[in-house]
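Visitor: Could you walk me through this model? I'll jump between topics as I go.

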Amino acid sequence: MDIPYLLEETRQLLAQESRKSILLAEEAALLIEQLRDNIKQHNQLYYLSDAPLISDAEYDRLFGLLKELEQRFPDLITPDSPTQKLAVVIQDVLKPAQHLTSMLSLDNTYNADDLYDFEKRIRNLVKRDVEIEYVVELKFDGMGICLLYENGLLVRAATRGDGTTGEDVTLNVKTIPSIPHRLKEQMLAKQRIEIRGEIVMPKSSFQKLNRQREEDGKPLFANPRNAAAGSVRQLDTSVTASRDLTGFMYHLSYIERPQDAPATHWEVLQAFQQMGLPVSEHRKLCLSMEEVVAHVHAIEAQRDEFPFEIDGMVIKVNDLQLQQEIGSTAHHPRWAVAYKFAARQETTLLQGISFQVGRTGVVTPIAELLPVNIGGVVVKRASLYNADYLVQNDFRVTDTVLVERAGDVIPRVVRFLPEKRNPEAEVFSFPSRCPSCHSQLVHLDEEVAWRCVNISCPAQRLERLIHFAAKDSMDIEGLGERIIEILLQENLINSLADIYRLHESERRDKLMSLPGFGTKSVENLLTAIQNSKKNPLWRLLHGLGILHVGKKTAKNLVADPRIKTLYDIFTLSPEALQEIPDIGPVLAQSIHDYFTPENQALFAELEALGLSLYNETAALTSSAELPLRGKTFVFTGELDRMSRDEASELVERLGGKAVSSVSKQTGYLVAGTAPGSKYQKAVLLGVTVLNEEEFLKLVNENGEGRTELGEEAGDRLTAHN
């Protein structure tokens, strides 16, 4: 992808907005094709590379221009147009779809010896001395998909099903931005081809989706794989479109003219990329089994660094002619094998079931487990989600249960083992009253969750305070769960505002008299509280704990130029709030409803106690140009002077973007102590690598003394040097 050319083309296309109403049909047809190709390239950069080149506003202008032209010339609309991807369709049922070739499973290996045995079997089948190359790819833990293209157009997408016949999910898959409706010109695209791949959901998106579902009282997805599968198999395509899904293609299973096929699997993957199909960049061509073994071990050590869940690697013979010679069984191809990572499921004893009351009142059952080591982490507790999950799975105290942990996902109890159940184990009943305040629990319509609606509930108050002080909110160092519990117990705080009254002499003296609280620790805590008063507005907004408002939504709100102070948010109508990215009707109403007299009084209290309700971002965005606008940063390793989150915040405050993965479009990689695999990748791609001192110098040069940053912001930037 030629980035300078793409940017110049985008600029020229946006310049055509003024002529859109006077274009003739022939001119419009040419402009529409250019717009479609340009938008698709920006989609690829945004969704696959996490490295957008243009702002959301510029993208919206491009998309709007294309949409208006298609409305003027409806005969020019084609199924592969970006404007057609998010069309809402309600299907009656998912119809069966027969694959052109069977979707086989893979044989499994679990260690280096197994891999060497795999190579021995191949050599025994080939029966001659030949050099064998292997392609090693990530084994995504997602939903298998089969795409059928005819003359470059996507005509069908099907699930795996029984391997022979799957379900037709074409309309849903067409809403996934990374899946092209039309392939780019290439020999393979000019005939009928069937392509296999995986639909996946990023771990961060899965966690966000489950948090939202928990707040909405809906059942949670067990893992990203189930979330992806459930999203693709929807009857309502708008549901699929609303989920953050992407795809990775990895196998050419059918080609109409075999003579046109590349000679190797590696070349197939390259051809996929040339046609615009999403292909994982984490693949390696290995010249020996020794190289394969070294690579799979290296990736296994880094498995948690990937944004998607992976449960192993796939090793394939590279030569396609050799693949045919080696052949397949009825179950699996003999020329490929899966290397499975260490299991993340273990059995243990369900010792008890407790209940946790969240800050929104949702009551969640928690499994109290006999401690068990899963993937290097000792698990003592796991979520049981809700009453329905408890009842449907018939969990009982003293059961032997299977517990699963995948990446950063909260551990969950998968099922009990019937053969090990005590016949006298009692059926469990969900409580009817709040375990904290004993108020009657309420089961709202269309919710799975049971809620405590008592706003004075001690457990909810505790959770609200913990959330307010947390790292992603006001980030008050030293004010963790244990300290908050003590402060509540000693009646030193009862509300969010009380945190900022701890410096008062009477409260301070009482605090210093408590066991474990010395002069230095109290001074450090009060200093952290005082410093939090100068936090950017999005932190306070997130810390308030407004239903459905997460970190990203809080940042989107303060990025809106209409928001100069906290109060401005609540002067907007629900309809006006929906003009802000990622805010729908439910979230808009939740924000609007939060502005009660009680909460208005809280805002006034916080402001009187010295917190800034002013939106510093508004001053930044009103400036002529943000100094780091358009620059992308990735952080790896441990920084000495600040956390990576704090460094990311500095970048974002100056208009840059901090992302988690390295690509060709990354501007800078900032490497701290013990950098991970991102460092090697950045070096290979030619990305500029900075150490922490160089990064701070860059930030200071771009931020210090700039009047649009404001005095306080400039002071904070300078303080890091």
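**The second largest pocket**

Visitor: Which elements each supply at least two residues of the lining of the second largest pocket?
Guide: Those elements are β3, β4 (143-150), β7, β8, α9, β10, α11 and β11 (336-340). Helices (H or I, at least four residues) and strands (E, at least two) are DSSP runs numbered from the N terminus. On a 1 Å grid over the protein atoms alone, a pocket is an open set of points where a 1.4 Å probe fits, with protein on both sides within 12 Å along at least five of seven lines, and lining residues have an atom within 4 Å of a point.

Visitor: And which one gives the most to that lining?
Guide: That is β8, which contributes 6 residues to the lining of the second largest pocket.

Visitor: Before I go on, what sort of model is it?
Guide: It is a predicted model, in which local features need pLDDT of at least 70 and side-chain atom pairs count only at pLDDT 80 or more, while totals for chains, interfaces and linings use all residues. Residues are numbered from 1 along each chain as its sequence is written, and side-chain values use heavy atoms, with hydrogens and water left out.

Visitor: OK, back to α9: which of its residues are buried?
Guide: In α9, which covers residues 265-274, the buried ones are H265, V268, L269, A271 and F272. Seen down the helix axis they fall within an arc of 160°, so these buried residues line one face of α9. Buried means under 20% relative accessible area, exposed over 50% and partly exposed in between (1.4 Å probe, protein chains only), and the arc is taken over directions from the helix axis to the C-beta atoms.

Visitor: What covers them?
Guide: The cover over the buried residues of α9 includes strands β3 (134-140), β7 (192-200), β8 (246-255), β9 (283-286) and β10 (310-317), together with helix α11 (320-326), where contact means heavy atoms within 4.5 Å. Just after α9 comes G276, with a positive phi of about 95°.

Visitor: Now α14, what's buried there and what's exposed?
Guide: Within α14 (residues 481-489), I483, I484, L487 and L488 are buried, and they sit on the same side of the helix because they cover an arc of only 135° around its axis. R482 and Q489, on the other side of α14, are exposed.

Visitor: What do the buried ones pack against?
Guide: The buried residues of α14 pack against α13 (458-469), α15 (505-513) and α16 (519-532). N491 follows α14 and has a positive phi, near 60°.

Visitor: Changing topic, how many aromatic pairs are there?
Guide: The structure holds 20, and one of them is the stacked pair of F633 and Y668, at 5.0 Å centre to centre with 25° between the planes. F633 belongs to strand β17 (residues 632-636) and Y668 to strand β19 (residues 668-671), so this pair ties together parts 35 residues apart in sequence. Rings of Phe, Tyr and Trp (its six-membered ring) pair if their centres lie within 6.5 Å, and planes under 30 degrees apart count as stacked, over 60 as edge-to-face and the rest as tilted.

Visitor: Are F633 and Y668 buried or exposed?
Guide: F633 is buried, with a relative accessible area of 0%, and Y668 is also buried, at 19%.

Visitor: Which rings are linked into a cluster?
Guide: Ring pairs join Y567, F570, Y594, F595 and F603 into a cluster.

Visitor: Last one: where does P581 lie?
Guide: P581 is in the loop between α20 (574-577) and α21 (585-593), and it counts as partly exposed because its relative accessibility is 42%. Its C-alpha is 9.3 Å from that of D560, while P581 and D560 are 21 residues apart in sequence.
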